[in-house]
Amino acid sequence: MTAMTEGSTIDMTPVIDSVSSSTIVEKKYKMIAENVTVLYGGIPAVKNVSMKFPEKTVTALIGPSGCGKTTFLRCLNRMHDMTKNAKVEGKVMIDDIDLYSKDIDPIYHRRKVGMVFQKPNPFPTMSIHDNVTSGLRLNGVRDKKILDEIVEDSLKMAYLWDEVKHDLHKPALELSGGQQQRLCIARALAIQPEVLLMDEPASALDPIATQKIEETITELKKDYTIIIVTHNMQQAVRISDYTGFLYLGELIEFRETKKLFTDPKNELTAKYVQGRFG
Amino acid sequence: MSTVQQRRQQYRALFKQNVERRLLIDKIVRIIVFACVIMAIIPFGSILVEVFKNGAAAISIEFLTQIPGAAGTGEGGIGPAIQGTLIIIGLASLIGVPIGVLSGIFLSEYGDNPLARSVRFFNDVFMEFPSIVLGIFAFLVIVLVLGHFSVWAGAFALSLIMFPIVARTTEESLKMVPVSYREAGMALGLKKWIVTLRIVVSAAKSGMITGILLSISRIGGETAPLIMTILGSSQFFSNFDVPMDALPLRIWRLSLLPYDSAQLQGWGAALVLIIIILGINLAVRYFFMNKRRKYKLFGYAINGSR
Amino acid sequence: MTRLIDPSLHKLSLIMSEMGDMVIESISLAVDSYLDGTNTSEKVLELSDSIRTKYFDVEDLTFDMLLKYQPVADDFRFIRSSTEISYAFSRFGRYAYDITLVRDLFGDISDCKNASLVESSKKVKNMIKDAVLSFAELDVRKAVKIREDEAFIDKIYKERLPKLIESNNTKCALAEALLLRYLERIGDHAVFMSDAVNYIVTGKHRPSEERIASHTKVKN
């Protein structure tokens with residue numbers, strides 16, 4: 001597989017570290033994507049991408065704009081069901097269950113995968129408390145005691161509890177941008193997912209808020225498997241264990257973060273991370 | 001002198017002339033716009049003033065609660081008309097609002113297909129129908145069939161006027177809710193109808209209420225359809241199957257009588273109608289004001305927990 | 001398209017290349033000082049000080065680049081190795097000066113020379129040339145030769161030292177002991193350098209156990 005870039009041929013055969021080659025203990029994979037292809041009105045946006053995400057790690061997906069990383073991320077919780085012209089092929093396995101198989105209830109399994117979006121989007125008509133519990137309340141959970149407990153747990157995990165505990169019934173939109181984003185994280189955590197997908201979670205935030213989000217992610221990975229799309233390579237270096245580089249819808253390289261950034265095997269990767277693109 | 005400096009000098013000379021002229025044009029336009037606003041408000045203001053001036057004298061407890069007296073005597077009141085207006089608005093809303101809202105939701109959330117497109121088109125056409133035509137339609141379909149004028153017919157006619165407006169404004173309000181809230185709801189594993197009703201509609205409440213109130217204000221003053229369906233009466237409401245009075249009808253009847261006292265009562269009825277519509281607007285707005293506004297208005301005093 | 005980091009990288013390469021040339025010159029002059037008896041200490045001192053200054057320049061420049069540009073991949077490895085290599089260069093300059101001091105201290109010792117000293121000296125001169133060249137051209141093939149030369153110098157060092165104890169000529173023995181010591185140190189640093197060059201090209205460090213043990217393990 002080759003691609004022509006600026007007159008030179010670049011080898012596009014994906015370079016994928018099999019994780020077990022670099023670790024002593026056999027790592028368990030929380031999520032496995034196999035041959036995922038996404039077509040928008042017949043035009044492929046993601047081409048035959050396969051990745052394995054080890055559990056309780058952070059994987060960063062990087063690549064230039066339009067390379068398909070957000071599209072791929074949205075396959076992992078079937079968000080494309082909402083998009084009219086989108087067609088998804090391939091398998092996405094979470095704990096050996098294929099999310100796209102016809103036999104399973106997508107809504108039930110989609111709850112194992114939480115998502116946080118680029119622009120913080122807490123529900124505007126709800127308070128902080130109600131926002132966090134929305135995933136549960138609107139699904140029929142009524143027990144106030146349990147809901148209150150979950151609110152406290154989730155806000156603590158998102159590192160927002162101390163800042164809002166005195167007034168949980170304040171409207172969510174009264175919070176600052178960084179706080180709103182952490183609220184969205186708490187809301188996603190409240191449904192007790194196992195995997196957390198994050199689409200450029202800090203790109204709309206100021207540096208201090210970004211730092212807090214990164215600290216939160218680093219704490220969360222002790223209990224959750226996190227996959228984060230980011231255009232900020234330094235952020236990928238700071239917080240991720242594994243990094244996948246996508247270009248024009250294809251996976252070019254997937255390795256331990258440190259290795260990918262200090263010694264990329266694929267020439268295209270080296271060019272991209274060093275800013276020699278475009 | 002470098003080219004950048006040359007260019008700077010060149011363009012700066014241009015700006016000087018330009019700016020003065022543009023500020024002048026700005027002022028002129030602003031005056032014109034202001035004048036237009038005044039021209040638009042003056043008739044509206046003067047109507048209110050006239051109605052108030054002429055009608056205030058007629059208001060009294062007797063006026064508001066009694067049935068109409070003999071023509072020309074100046075006795076009696078518009079009690080049945082007030083009651084009738086409230087009843088007919090209420091009934092028409094009960095029919096028109098749910099249908100309108102559900103259509104609006106359908107068009108907005110499930111509306112990317114040929115069926116929805118044709119529904120939307122016919123909806124827009126329907127909105128422009130003259131109300132007298134809708135009145136005649138109700139007359140043919142209900143009054144003639146049942147054999148008598150009735151409240152049902154009136155409510156039906158008014159709901160036909162209502163629901164296209166409600167459907168349209170509902171659809172527009174829902175479309176204004178950013179996609180990200182739907183995505184967030186979906187990512188939480190919520191079913192589509194829950195996301196639509198509990199999250200999207202909730203966020204679009206304000207716009208939807210405005211649409212509903214607009215339609216209520218519209219039908220509150222419709223006269224032609226009422227002539228053909230509820231006909232009017234001098235008695236209080238008794239039965240849904242018989243004619244009933246309503247303020248627009250009463251105003252019309254009173255204004256046609258040659259007596260001064262009737263004219264006065266007519267003005268009074270007009271004033272009452274305006275106040276009722278205004279009152280409904282304010283009451284509904286307050287009741288549905290979302291937590292955020294209440295919070296801003298009343299601060300920490302309100303505990304909005306469910 | 002020039003990236004923000006490119007002018008700084010270019011400047012770094014320039015300084016490193018100047019240092020490399022100075023290192024070759026200073027070692028050559030130093031070796032000649034005892035093989036031929038020439039007085040070169042002033043010149044070598046001058047070179048050594050220049051090299052040392054440039055070493056600090058390189059430190060400043062590399063850390064500045066890390067702060068500003070957060071480089072990755074090739075850039076990162078080049079910058080990291082440059083700090084290690086510039087340190088090696090500064091050591092070479094220092095040892096070269098120390099060698100010329102031997103001649104100053106002991107006077108003309110050109111008649112003390114023997115075959116193994118001459119051989120070691122030649123090898124060191126070549127090693128330094130190879131090391132500097134391999135960095136300039138990022139050519140890792142020279143690493144094998146450098147390691148062989150270093151092993152040879154080590155061997156000579158370990159063989160000759162015991163023999164010097166039994167020597168009659170104190171002056172020559174002491175001089176040779178000092179010289180062999182400096183040559184051995186230069187050889188070691190040349191190998192460090194070639195490891196750093198290898199890191200730039202291949203992304204691999206040499207395994208650390210070997211590095212640690214190489215000081216104590218007896219090589220045959």
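**Notes on a predicted three-chain model**

1. Let's start with strand 12 (residues 242-247) of chain A: 6 of its 6 residues are buried, so this strand is largely enclosed by the rest of the structure. Here buried means that 20 or more other C-beta atoms, placed from the backbone, lie within 10 Å of the residue's own. Strands are DSSP runs of E of at least two residues, helices are runs of H or I of at least four, and both are numbered from the N terminus.

2. A word on conventions: this is a predicted model, in which local features need pLDDT of at least 70 and side-chain atom pairs count only at pLDDT 80 or more, while totals for chains, interfaces and linings use all residues. Residues are numbered from 1 along each chain as its sequence is written, and chains are lettered from A and ligands numbered from 1 in the order in which they are written.

3. Back to strand 12 of chain A, where both faces are covered: A:Tyr242, A:Gly244 and A:Leu246 lie on one side, with A:Thr243, A:Phe245 and A:Tyr247 on the other. In a regular strand the side chains alternate between the two faces of the sheet.

4. Which neighbours does strand 12 of chain A pair with? Strand 6 (residues 58-62) of chain A is a parallel partner over 4 bridges, with A:Ile62 bridged to A:Phe245. Strand 13 (residues 250-256) of chain A is an antiparallel partner over 6 bridges, including A:Leu246 with A:Leu251. Pairing requires at least two DSSP bridges between the strands. In the hairpin of strands 12 and 13 of chain A, 2 residues separate the strands, and A:Leu248 has a positive phi near 50°.

5. Elsewhere in chain A, 4 strands make an open antiparallel sheet in the order 5-4-7-8. Strand 5 (43-54) and strand 8 (97-98) of chain A are its edges, each pairing on one side only. Strand 4 (residues 29-40) and strand 7 (residues 86-94) of chain A share 8 bridges; A:Leu39 has A:Lys87 as its partner.

6. In chain C, have a look at helix 4 (residues 115-137). Its buried residues include C:Leu117, C:Met127 and C:Phe135 of chain C. The buried residues of helix 4 of chain C pack against helix 1 (6-35), helix 3 (73-106), helix 5 (142-165) and helix 6 (170-202) of chain C. After helix 4 of chain C comes C:Leu138, with a positive phi near 50°.

7. Finally, where chains meet: 9 residues of chain C are in contact with 10 residues of chain A, contact meaning C-beta atoms, placed from the backbone, within 7 Å.

Note on methods: Buried ≥ 20, exposed ≤ 12 C-beta atoms within 10 Å, placed from the backbone. Contact = placed C-beta atoms within 7 Å.
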